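Please look over the model shown below before reading on. Keep the sequence at hand as well.

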Amino acid sequence: MRIGDFHASYRHDEALFDTRVQRIWFGLLLAALAAFPFVGGSYLTYLACLLGIHLISAAGLNVMTGYTGLISLGHAAFMGVGCYTVAVAERAGIPFFLALPLAGATSAAIGLVVGIPSLRIKGLYFAVATLAAQFVLGFVFREWESVTGGVRGANVPAASLFGFELAGDRRIYFLIVPLAVAMLLGARNLFRTRVGRAFIAIRDRDISAEVLGISLFRYKLAAFAIGSFYAGVAGGLWGYFFRVATPELFGLPLSIFYLAAIIVGGLGSILGTILGATFMTLIPELLRAMVGWAEALGLKEAGVYLAPIRQVVFGLLIVGFLIFEPHGLAEMWRRVRRFFHLWPFRT
Amino acid sequence: MDWLLLAEFSLVGLLSGGVLALIALGFVLVYKGTRVINFAMGEFMMIGAYLFWTANVFLKLPWWAALALTLAGIAVLGAVVERFVLRPLAGQPVISIVMATIGLGAVLHGVAEAVWGGANLSLPQLLPRTPLTLGEILLPGQVLWSFALAVALIAGFTAYFHLSKGGVSMRAAASDPVTAYAMGIDVRRTQRLTWMFAGVTGAVAGIIVASMTSLSPTLGTVALGVLAVIILGGLDSIAGAIVAGLIVGLLESLTVAFIGGQARDLVPYLVVLVILMVRPYGLFGTRDIERL
């Protein structure tokens, strides 16, 4: 059983990882991540890259929706902005280490514009405004052919560093995963600062927050810009990973996927973002494997039902978590941890 | 500018706005009655149309029997959804309710695809096709009749809400559930009825849309554009839903005529962005006053 963890100094109180055990585990995690592509095989490396992208984007959405309470149904469109920015930047010969921040910045700038209605509206109405932004941006992706290549899409060249091409899953892994770790740490750190705490205050009671001297407009826009920046970087990585940008990749279903990920994981929790995005990325793969086994066992038509089954499972997960575990996987994780901490005194 | 063309497209647009208004009515009913925006409205339309197809084309029932079966089926679905998805979530934050209806939509979409397959089916022509000619202007029969149907249904609902005891108690429960409950109105029953009515409106709209185009699991995507319509009209105003439906129908038709078909789907969303900046509670909606 664990006894009290007393914070004896301000530094200790502020620390991101407050116990030594946590620091050791984090170090081990980093080492495992570094070794992963050499041990895991190509399929797992591919999944890890995909997951890294999803994690960055979901973290951005959680900053907006989970921490600040601004529901965004247009997150995928902001990823699209990032992805197309990278495609255009690469055509202009800008290297990836500049193109990725540029993707984030473009996305954040557009996010600022879309966030302006948040001055007057919130909740449902704001959600509908972001839905409108999703469709308007999707329209731009389809119709602005000279830049985006229209419906056929735009190709993205491989990211290269001084002539060394980051092509192939194993090489791009070392771009995506360190960036994902850094950006998740950044998001976690954000909520130890005034800005992050202002976001939480706005979510919990916007009028009270304003009375406390938090400029609602400025901080809501800041939340939207940060969330869109994350989406833009994730979209840029998406471009370097899949090497193509097409309009239907960044449609409403992807936006809903991210919302589902943070709900299943836990709103307003970085741990929840990680658990939720991982869970939602792995579920379709698991279903695909199960359909594969069903086919191997002689059910020939199983493959036809893969897409509908995915939809149904996806919907049931959202509704089920909302009704039975509204705080998501993060809360389940905390409960399991508490059980072991208190064992055997309370079971 | 060709005035005849303008007149023709305006009329067709206004008339096709009737169906939009019907879908909008489904949204507004649920929002007024339970403060939920039903993102699964499109899926309700789609399921309604599939039920009708099953009864009418697959089981070869006459159209009135098929319609009765469909409406009964969709009403049961509405009641089940209210009982098992939305009622447990009463009082939860907006995002939970939005996401619950989106999740519900995904489930219904998947079920429809598993049961009826992803291919396009076609419904028989229910509405007469004979066009109406007003001088030089030609109005397609289907558009005209679907408009008439929408008007009849909306008028029926309005009459019910104002003339019958059940309708008045629904209005009371919508405007102040706690007081209505204290006055002896069964608020749970009115909320269940609300969802059943919304299902029925959705099913009728779905059948109309499917019989004019074709039937596939993606039929419901029209409904998202209609969401924009009700923001324009005000989320809790039936009159607003009708006016907004007509306006968006008109704007869409004029866009097709003078700008091009590509821009058509964009119209409702541009309208909603402007409206949200200028007048967020819509043309006829109630202004929210917040108290601490």
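This report takes the two chains in turn, then their contact, then some single residues.

## Ground rules

This is a predicted model, in which local features need pLDDT of at least 70, side-chain atom pairs count only at pLDDT 80 or more, and totals for chains, interfaces and linings use all residues. Residues are numbered from 1 along each chain as its sequence is written, while chains are lettered from A and ligands numbered from 1 in the order in which they are written.

## Confidence

The predictor gives the complex an ipTM of 0.87. Its pTM is 0.90. Per-residue confidence is called pLDDT and runs from 0 to 100. Chain B has a mean pLDDT of 85, and 98% of its residues reach 70 or more.

Confidence in chain B is highest in helix 3 (residues 63-86), at a mean of 93. It is lowest in strand 1 (residues 132-134), at 73. Where pLDDT is low, the predicted coordinates should not be read in detail.

## Chain A as a whole

Chain A holds 14 helices and four strands. Both kinds of element are DSSP runs, numbered from the N terminus: helices are H or I with at least four residues, strands are E with at least two. The C-alpha trace spans about 60 × 60 × 45 Å along its principal axes.

Does the radius of gyration of chain A agree or disagree with that of a compact globule? It agrees: 347 residues would give a radius near 20 Å, and chain A has 21 Å. The radius is taken over C-alpha atoms, and the globule rule is 2.2 Å times the number of residues to the power 0.38.

In chain A, 44% of the residues count as buried. Buried means that 20 or more other C-beta atoms lie within 10 Å of the residue's own; exposed means 12 or fewer, partly exposed is in between, and C-beta atoms are placed from the backbone. Take the contacts in chain A with a separation of 6 or more: 76% of them join residues 24 or more positions apart. A contact needs two C-beta atoms, placed from the backbone, within 7 Å.

## Helix 12 of chain A

Helix 12 of chain A covers residues 270-296, which is 27 residues. From first C-alpha to last it reaches 39 Å, close to the 39 Å expected at 1.5 Å a residue. The expected span is 1.5 Å times one less than the number of residues.

Its buried residues include Ile270(A), Ile274(A), Leu275(A) and Met280(A). Among the elements that cover the buried residues are helix 2 (20-67) and helix 14 (328-342) of chain A. Just after helix 12, Gly298(A) takes a positive phi of about 110°.

## Chain B and its domains

Chain B has 11 helices and two strands. Its C-alpha atoms fill a box of roughly 60 × 50 × 35 Å along the principal axes. Buried residues make up 53% of its 292 residues.

The assignment, automatic or from a database, gives chain B domain 1 (38-117 + 141-215) and domain 2 (218-285). Their centres, over C-alpha atoms, are 21 Å apart. Domain 1 brings 12 residues to the contact and domain 2 brings eight. On the domain 1 side, helix 2 of chain B gives the most, with six residues.

## Where the chains meet

How many residues does each chain bring to the contact? Chain B gives 36 and chain A gives 35. On the chain B side, helix 4 of chain B has the largest share, 16 residues.

That side of chain B divides into 28 nonpolar, six polar and two charged residues. Nonpolar covers Ala, Val, Leu, Ile, Met, Phe, Trp, Tyr, Cys and Pro; charged covers Asp, Glu, Lys and Arg; the others, Gly among them, are polar.

## Residues to find

Most residues other than glycine have a negative phi. Arg243(A) has a positive phi, near 65°. It sits in the loop between helix 10 (216-242) and strand 4 (244-245) of chain A. Arg243(A) is partly exposed, because 15 other C-beta atoms lie within 10 Å.

Lys60(B) also has a positive phi, of about 60°. Its loop joins helix 2 and helix 3 of chain B. Lys60(B) counts as exposed, because it has 8 C-beta neighbours inside 10 Å.

How values were computed:
pLDDT = per-residue confidence, 0-100.
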